[in-house]
Amino acid sequence: MSQKRGSGNRDLAIDATRGVAIWSMVTAHFATDAPLASPTHAFPYVDGMSAFVMLSGVVLGLVYQRWATRHGLRYAYVRLAKRIAVLYACQLVIALVAVAAALAGHRWLTLLLPVDGWIDGIWLSVTMQYLPSGGNILLLYMVLMVSAFALFPLLQRGWRAWTVAASLALYALSLVWSPDWFYVSAYQAAPHIQNVAGWQIMFIPSVVIGWNWSRWRVPEFIDRWLVVIVAVAATVALFFHYGVDVGPWAHLEPAIADKLDFRPARAIGAYLAIPAIYGVFRLLLRWWHHDWLRPLVMTGTRSLDSYVIQAIALVVVPIHIAHRPWDTITMQAVALLVFGICWAWAEFRYFTHIDKLHKVPGRVVRGVLPHRDAAEPGPVADDAPGVETYLEPGVPADDQPQPTGAHA
């Protein structure tokens, strides 16, 4: 059997699974009910947003466990704070694009209330209240990331069971009692957009899994039980579809599958479907060259960038490229265009060795200014060729976990 490898120490199956999450979000936003959207929405109540949050938790635990172990908790906290700042900047960009669209007469695209000029719009954006439809995940993600400041010390002390138990208890509480402060809200008629106490069930246990990724040999476990995982996931998907979605218990759907409060059908489905997809990609990557999955892998590698691109495109495309309403062909063409832009951007960053966007201005300046004498020693750039990253941009090669499986 020919074992195909990717570059560096990246787990390409995780990247490919994140790529599927991006494709799911793009098709949900641009090609709803079109054939292109069907494959990634075949499992009832599981979507790209669920996968985005879950995989973010896994990656966070996996990467920061290594940093906390090697460099201490303070180092991990500094990196976490920087990451949250990046998320804030990304959400701010999305919000300001939505404000510009609203002030240009296209407020219907954002599903938000009117703004009284740029000053009002900037204030709402800076305070994270102006969250356009399709661009509101990052605020939830920021809140969950902040919780990691409390999670890391618990996980360092080995309090894994207590952490998961507390997450389950909070989730159970959210099912029976959810006050207003449990919710992330936006500047719209129905302000509640996500119940953080409900959605955290996709994140906190995932951080625990990522933190213990090597200790628990999670990839090997999924490999060993892949047939069972896929079979159970398929059985549950059929039950949800024929029993709840279009079946005799359809009247119970809000109670068991509501997305706002992240009801149990969504949590159960996600914890079955996403490991199944990851395991299938691990299997395929043992036989296939990773370039067969390159569009998914590359967009998954830059999943945050891809999310921001699709959120901005959701506002820009209907204004400047194709006016709604769209027929099926137009929907699918636009979805392919947006996903193609996400892929192209990921490839651009790869081939230009841009690990961190905040370094671009400095690189431009270095390109404009006269070169130093060749004999003059200088520092090695963090994004120099040969410095590989694992799962999150900017992780030094010697800080990376070991490859997980033949495809890593």
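In the predicted model, arginine 266 touches Tyr45, Asp47, Ile256, Ala257, Asp258 and Lys259, residues up to four places away in sequence being left out of the count. Arginine 266 belongs to helix α12. With a relative accessible area of 11%, this arginine falls under the 20% limit and therefore counts as buried.

The loop that joins α11 (253-257) to α12 (264-287) contains phenylalanine 262. The phi angle of phenylalanine 262 is positive, at about 50°, although the residue is not a glycine. Most residues other than glycine have a negative phi. The relative accessible area of phenylalanine 262 is 0%, and the residue is buried. A positive phi, of about 60°, is also found at leucine 111, again not a glycine. Leucine 111 is located in the loop between α3 (73-106) and α4 (117-126). At a relative accessible area of 56%, leucine 111 is exposed.

Most peptide bonds are trans. Proline 325 is part of the loop between α14 (303-320) and α15 (328-351).

Helix α15 also holds glutamate 347. Glutamate 347 has a relative accessibility of 12% and is therefore classed as buried. Its side chain forms a polar contact of 2.8 Å with the side chain of tryptophan 343. When residues up to four places away in sequence are not counted, glutamate 347 touches Arg294 and Met298.

As for the overall architecture, the protein comprises 16 helices and two strands. Of its 408 residues, 51% count as buried. The accessible surface amounts to about 19,000 Å², and carbon and sulfur atoms contribute 67% of this area. Among contacts with a separation of 6 or more, 76% are between residues 24 or more positions apart.

The largest nonpolar core consists of 110 residues, and those with the most contacts inside it are Phe30, Leu60, Tyr64, Tyr130, Leu138 and Phe203. Helix α2 (residues 48-71) supplies the largest share of this core, namely 14 residues. For phenylalanine 203, the residues touched are Val53, Ser56, Gly57, Leu60, Tyr141, Leu144, Met145 and Ser147, again without those up to four places away in sequence. Leu60, one of the residues touched by phenylalanine 203, is itself listed among the core residues with the most contacts.

Model confidence was examined by residue and by element. The mean pLDDT of the protein is 87, and 85% of the residues reach 70 or more. Among the elements, the highest mean pLDDT, 98, belongs to helix α8 (residues 204-211), whereas the lowest, 60, belongs to helix α16 (residues 360-368). Over residues 1-8 the pLDDT stays under 50, and the model has 26 contacts beyond four places in sequence for this stretch. The pLDDT is likewise below 50 over residues 371-408, a stretch with 88 contacts in the model beyond near neighbours in sequence. Where pLDDT is low, the predicted coordinates should not be read in detail.

Technical notes:
Residues are numbered from 1 along each chain as its sequence is written. This is a predicted model: local features need pLDDT of at least 70, side-chain atom pairs count only at pLDDT 80 or more; totals for chains, interfaces and linings use all residues. Side-chain values use heavy atoms; hydrogens and water are left out. pLDDT is the predictor's confidence in each residue, from 0 to 100. Helices (H or I, at least four residues) and strands (E, at least two) are DSSP runs, numbered from the N terminus. Contact means heavy atoms within 4.5 Å. A nonpolar core is a set of buried Ala, Val, Leu, Ile, Met, Phe, Trp, Tyr and Cys residues joined through side-chain atoms within 4.5 Å. Buried means under 20% relative accessible area, exposed over 50%, partly exposed in between (1.4 Å probe, protein chains only). Accessible areas come from the Shrake-Rupley method with a 1.4 Å probe; for residues, only the protein chains shown count as cover. A polar contact is a pair of N or O atoms within 3.5 Å; within protein, one must be able to donate a hydrogen and the other to accept it, and residues adjacent in sequence count only if both atoms are side-chain atoms.
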